[in-house]
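Please work through the following exercises with the sequence and the model at hand.

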Amino acid sequence: MKWSEKHDIFLYREILFMKPYQFKEGSPQSGNAWKNIASDLCEVRDITFNVNQKSVRDRYRLFSEKHKKKMRVQEGSSGSSTDETELDQLLLNIVEVPQEASKNYENVTKEKLEKGLKRS
């Protein structure tokens, strides 16, 4: 499938809605979330999607890495201002939320471990 900006916008809107990053990476819940995203995209009538769980997850990872690099470059250059597109804003929202979810998951895991040690 050839991805266009319109495809990416649909993908990132769906990712924001389904929030697959709220689950531990590699977990069955995470896999189901990505599968549901792919399924929902294939049902879109405005444009044609021919995707599966792996292709949407890979597309997300590719663009999130590109976006992170772009943001680092923009932060390093002084006085540069660029117009943000809808796609840029969606990516920004998507990149920030998984970082917070990861921190929350680590805190919960740490708390469970500490509770387990206190009982021993």
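The model is predicted, so local features need pLDDT of at least 70 and side-chain atom pairs count only at pLDDT 80 or more, while totals for chains, interfaces and linings use all residues. Residues are numbered from 1 along each chain as its sequence is written, and side-chain values use heavy atoms, without hydrogens and water.

**Exercise 1.** State how many helices and strands the chain has.

*Solution.* Helices (H or I, at least four residues) and strands (E, at least two) are DSSP runs, numbered from the N terminus. The chain has four helices and zero strands. From the N terminus, the order is α-α-α-α.

**Exercise 2.** Classify the angle between helices H1 and H2.

*Solution.* Step 1: axes are lines fitted to C-alpha atoms, for helices over the stretch in contact, and angles run from 0 to 180 degrees between N-to-C directions. Step 2: the axes of H1 (residues 5–18) and H2 (residues 28–42) come within 10 Å and cross at roughly 135 degrees. Step 3: H1 is therefore oblique to H2; angles under 35 degrees count as roughly parallel, over 145 as roughly antiparallel, 65 to 115 as roughly perpendicular and the rest as oblique.

**Exercise 3.** Determine which residues of H1 and H2 make the contact.

*Solution.* Contact means heavy atoms within 4.5 Å. H1 contributes Phe-10, Leu-11, Glu-14, Ile-15 and Met-18, and H2 contributes Ala-33, Trp-34, Asn-36, Ile-37, Asp-40 and Leu-41.
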